[in-house]
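User: I would like to go through the features of this model one at a time. Please give the general idea, then the case here.

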Amino acid sequence: MRLPYVPNPPPFSTREDAAIVKRMQDRRAPRPLQSLDLTLLHSPPLADGWNSFLGAVRTKTSLGADVRELAICRVAVCNRAWVEWNHHAPLAVAAGVSKEALEAVKQEGELYGLKKPDQLNESQWAVLLYTDEMTRNVQVRDVTFAKLKSLFDDRGVVEITGTAAAYNCVSRFLVALDVGEKNGTGPDDVTTH
């Protein structure tokens with residue numbers, strides 16, 4: 001970690017800062033505040049906005065958990081944000097993504113032009129291709145967008161795009177500050193979770 005984490009519980013004395021911490025604790029419950037939270041709390045207003053935005057991305061979209069977690073895991077691989085991978089790969093498995101499918105997600109090269117792995121359905125593969133292109137190139141090929149649009153309605157496309165964009169933000173923050181101290185270590189084996 002490049003910055004110290006704030007103490008847990010954070011020692012804020014203003015009501016406003018205490019309310020921010022409470023909102024973060026409520027969203028994380030029953031788990032404690034995470035290392036990401038304890039870094040963000042160096043700036044309570046930023047932490048509050050982050051908490052609200054990521055809370056919506058994680059819990060208020062119409063996306064299936066499998067699609068959401070696959071997008072997040074692909075961002076983690078592309079950006080080498082292994083602390084993010086280590087948190088979300090088990091969530092993908094819990095959402096029904098096979099461990100074999102996650103091996104395909106862990107490929108570090110560009111996915112465009114590769115054959116769809118048998119363990120992934122068309123929607124999951126389209127989300128991975130789209131997320132991969134968004135993360136690596138920002139611009140997405142028309143053919144990739146057309147495939148995604150053929151499988152998801154406008155709301156789904158917006159939510160997939162927002163999820164990939166949000167987790168690009170998360171991964172860049174985690175890696176730049178080495179939050180969690182695991183970003184340079186590679187992905188954990190999801191079978192051990």
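User: Is aspartate 178 buried, exposed or partly exposed, and why?

Analyst: Buried means under 20% relative accessible area, exposed over 50%, and partly exposed in between (1.4 Å probe, protein chains only). Aspartate 178 counts as partly exposed because its relative accessibility is 23%. Its place is in the segment after H9, where helices (H or I, at least four residues) and strands (E, at least two) are DSSP runs numbered from the N terminus. Phi of aspartate 178 is near 50°, a positive value in a residue other than glycine. This is a predicted model, in which local features need pLDDT of at least 70 and side-chain atom pairs count only at pLDDT 80 or more, while totals for chains, interfaces and linings use all residues. Residues are numbered from 1 along each chain as its sequence is written, and side-chain values use heavy atoms, with hydrogens and water left out.

User: What is phi of arginine 80?

Analyst: Arginine 80 also has a positive phi, near 55°, and is not glycine. Arginine 80 sits in the loop between H4 and H5 and, at 42% relative accessibility, counts as partly exposed.

User: How do I read contacts, taking arginine 2 as the case?

Analyst: Contact means heavy atoms within 4.5 Å. Leaving aside neighbours within four places in sequence, arginine 2 is in contact with Ala176 and Leu177. A polar contact is a pair of N or O atoms within 3.5 Å; within protein, one must be able to donate a hydrogen and the other to accept it, and residues adjacent in sequence count only if both atoms are side-chain atoms. Here a polar atom of the arginine 2 side chain lies 2.8 Å from the backbone oxygen of alanine 176. Arginine 2 is in the segment before H1 and counts as exposed, at 63% relative accessibility. Between arginine 2 and glycine 180 there are 178 residues in sequence and 10 Å in space, C-alpha to C-alpha.

User: What is a nonpolar core, and which residues in the largest one touch the most other members?

Analyst: A nonpolar core is a set of buried Ala, Val, Leu, Ile, Met, Phe, Trp, Tyr and Cys residues joined through side-chain atoms within 4.5 Å. The largest has 35 residues, of which Leu36, Leu41, Leu148, Ile160 and Tyr167 touch the most other members. H9 gives the most to this core, with nine residues. A second, separate core has 17 residues, including Ala76, Ala92, Leu102 and Leu129.

User: What volume does the largest pocket have, and what lines it?

Analyst: Rolling a probe the size of a water molecule over the atoms shows where empty space is left. On a 1 Å grid over the protein atoms alone, probed at 1.4 Å, a pocket is an open set of points with protein on both sides within 12 Å along at least five of seven lines; lining residues have an atom within 4 Å of a point. The volume is about 480 Å³, taken as the space filled by probe spheres set on the points. Of the 23 lining residues, Arg28, Gln34, Leu36, His87 and His88 are the closest to the centre. H5 gives the most to the lining, with five residues.
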